[in-house]
Amino acid sequence: MGIGGSFAILTVLKLSSDWFHQQYFALLTGFTLSFGMAGAILGQPPFNHVFNIFGWRTTILDISLFGFILALIYWTVVRDRASIMAYQVQPTTPTIPFKKALANLFKNKQNWFLFFYSGLAWTTITVFAGFWGTPFLKIKYHLGDQPAPFVNSMIFFGFGIGGPFFGWLSNHIGKRKPLLFWGTFVTLI
């Protein structure tokens, strides 16, 4: 999940930074989260039903085929901004060799903090909601096959609403750290 999801999120972040002003980056990142959560919300109840009918292997294979077709469409339709605006004079920026850029990435303490913060905060939610949430609700609260995935999807609904809002709020106040701290603190409580 992590490897596949990383390509999706990095592509969206790259397109957002190429196509929109930087003041909209956090908001667009929040909307990206919302679309991902919409997939989780809308997908859980129907796919739970489809899993029960066709089995998980067939369902995963069909989803993979759909993803491959979608990738082909993106490959042919989506273009980098530079290739579309090639006729305009582009300012030249110095390029940094890949190894040096990678070394700079690992040397930056803020990247490590963000790595651990994001990993620890996000992993707990996705592991619970993605793997154990529905069975947990069925066993602990005796919810049936239909209500358990719906109730579990409310976790993703919260992320979907909160993502753009807190992206907008962090741009509005011009700070990210207080929102990260207080959001995690409230979640902990």
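User: Hi! What should I know about the numbering and the model before we start?
Analyst: Residues are numbered from 1 along each chain as its sequence is written, and side-chain values use heavy atoms, with hydrogens and water left out. The model is predicted, so to speak, with local features needing pLDDT of at least 70 and side-chain atom pairs counting only at pLDDT 80 or more, while totals for chains, interfaces and linings use all residues.

User: Great. How many helices and strands are there in the protein?
Analyst: The protein has eight helices and zero strands. Here helices (H or I, at least four residues) and strands (E, at least two) are DSSP runs, numbered from the N terminus.

User: And how much of the protein counts as buried?
Analyst: Of its 189 residues, 16% count as buried. Buried is under 20% relative accessible area, exposed is over 50%, and partly exposed lies in between (1.4 Å probe, protein chains only).

User: Let's look at H7. What does it span?
Analyst: Helix H7 covers residues 147–173, which is 27 residues, and reaches 39 Å from its first C-alpha to its last, close to the 39 Å expected at 1.5 Å a residue. That expected span is 1.5 Å times one less than the number of residues.

User: Where does H7 bend?
Analyst: At Ile 155, by about 30°. The bend is the angle between axes fitted to the seven residues ending there and the seven starting there.

User: Which residues of H7 are buried?
Analyst: Among them are Ala 148, Pro 149, Asn 152, Phe 156, Gly 160 and Leu 169.

User: What follows H7?
Analyst: Gly 174, and its phi is positive, near 75°.

User: Is His 142 buried or exposed?
Analyst: His 142 counts as exposed, at 68% relative accessibility.

User: How do H6 and H7 cross?
Analyst: Their axes come within 7 Å and cross at roughly 160°. The axes are lines fitted to C-alpha atoms over the stretch in contact, with angles from 0 to 180 degrees between N-to-C directions. H6 and H7 are therefore roughly antiparallel, a label for angles over 145 degrees.

User: Switching to aromatics, how many pairs are there?
Analyst: Eleven aromatic pairs. Rings of Phe, Tyr and Trp (its six-membered ring) pair if their centres lie within 6.5 Å, with planes under 30 degrees apart counting as stacked, over 60 as edge-to-face and the rest as tilted.

User: Why is the pair of Phe 128 and Phe 136 edge-to-face?
Analyst: Because their planes are at 70°, with the ring centres 5.6 Å apart. Phe 128 is partly exposed at 30%, and Phe 136 is partly exposed at 36%.

User: Which residues form an aromatic cluster?
Analyst: Phe 106, Trp 112, Phe 115 and Phe 116 form one.

Methods: Angles under 35 degrees count as roughly parallel, over 145 as roughly antiparallel, 65 to 115 as roughly perpendicular and the rest as oblique.
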